[in-house]
Amino acid sequence: MNTIYYCVFFLLIGAGCARQPRLSANSPFNVTSKLNDSTWYGTGQLLRVKESTQRPDDGRQLNLLVYTDIDYPGMGSEPNPNTTTGCVNGDCTRTQILMIYNIPFKKGRTTLAKLNKRSPIKNEQANLSYVGNSGGLAKRYIDKGAEPNWIRVTKINQATGVVEGRFALSFKEDMTVYNRLENGMPATAQFTGGLFRIKVKDVILK
């Protein structure tokens, strides 16, 4: 009987140490995923916001911002409707913005519900926003308790400041957005198989 227990124990250890999925080394984008079963990609930033009096290693939370110029129904025809660079070079018309706040700067998985509760700013919560050609908010999706809804930091390179991770997000339409688009877009926005590899950028508050 002890042999069975030992086998189960080592199987569990092996499962916990299994290699995590990683972003391909030759990916042109530092964030990739599936959004409602369609390929989704963009250019992400990991911001470590700190007070000017804090030491460089004091900031223990990260904010993830991802921009893309992937088209969406109803966005219009100006100024760059056919640009789909993923904003990789910064010269793009942003159409979608994914934001996740207060991510712990350590390896591990955290649910969005926990991250949203940690926010010191009212109504600051993870969301996916669709923006119009003039930059105004057209539609937004937020966490309303659906599953799965988490982000995991899988690797931190202390020498380079590069952080790798995964995410799976289940957002629902934010019905409080005034004059939101009514164009047949889905009521949910589900990210699956999300991967990122981004160098942390320090933002010093003045």
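The structure is a predicted model, in which local features need pLDDT of at least 70 and side-chain atom pairs count only at pLDDT 80 or more, while totals for chains, interfaces and linings use all residues. Residues are numbered from 1 along each chain as its sequence is written, and side-chain values use heavy atoms, with hydrogens and water left out. Strands (E, at least two residues) are DSSP runs numbered from the N terminus.

**Strand pairing**

- Strands β6 (residues 127-131) and β7 pair in the antiparallel sense through five bridges, where pairing requires that DSSP finds at least two bridges between the two strands.
- Within this pairing, tyrosine 130 has lysine 139 of β7 as its bridge partner, and the hairpin of β6 and β7 has five residues between the strands, among them glycine 135 with a positive phi near 95°.
- Strand β7 (residues 137-143) is mostly covered, since five of its seven residues are buried, a term that stands for under 20% relative accessible area, with exposed over 50% and partly exposed in between (1.4 Å probe, protein chains only).
- Strand β7 is also joined to β9 (residues 162-173), in an antiparallel arrangement with three bridges, and there tyrosine 141 has glutamate 173 of β9 as its bridge partner.
- Strands β9 and β10 run antiparallel and are joined by ten bridges, with phenylalanine 196 of β10 as the bridge partner of glycine 165.
- Strand β10 pairs with β1 as well, in the antiparallel sense and over four bridges, and phenylalanine 191 of β10 is the bridge partner of leucine 35.

**Aromatic contacts**

- The whole structure holds six aromatic pairs, where rings of Phe, Tyr and Trp (its six-membered ring) pair if their centres lie within 6.5 Å, and planes under 30 degrees apart count as stacked, over 60 as edge-to-face and the rest as tilted.
- Trp40, Phe167, Phe171 and Phe191 form one aromatic cluster.
- Arginine 94 has its charged end over the ring of tyrosine 67, 3.6 Å from the ring centre; a charge sits over a ring if NZ of Lys or CZ of Arg is within 6 Å of the ring centre and within 35 degrees of the ring normal.

**Nonpolar cores**

- The largest nonpolar core has 35 residues, of which Leu98, Ile100, Leu128, Phe171 and Phe191 touch the most other members; such a core is a set of buried Ala, Val, Leu, Ile, Met, Phe, Trp, Tyr and Cys residues joined through side-chain atoms within 4.5 Å.
- Strand β10 gives the largest share of this core, five residues.
- A second, separate core of eight residues includes Leu47, Leu65, Met99 and Tyr101.
- Leucine 128 is in contact (heavy atoms within 4.5 Å) with residues including Leu35, Leu98, Tyr141, Phe171 and Phe191, not counting residues up to four places away in sequence.

- Most residues other than glycine have a negative phi, and most peptide bonds are trans.
- Asparagine 36, in the loop between β1 (31-35) and β2, has a positive phi near 50° and is partly exposed, with a relative accessible area of 31%.
- Cysteine 87, in the loop between β3 and β4, also has a positive phi, of about 60°, but counts as buried at 5% relative accessibility.
- Threonine 95 is located in the loop between β3 (61-68) and β4 (96-104), is buried with a relative accessible area of 2%, and touches residues including Asp69, Tyr72, Met75 and Tyr130.
- The peptide bond from glutamate 147 to proline 148 is cis, with omega near -5°, and proline 148 lies in the loop between β7 and β8 (150-157).
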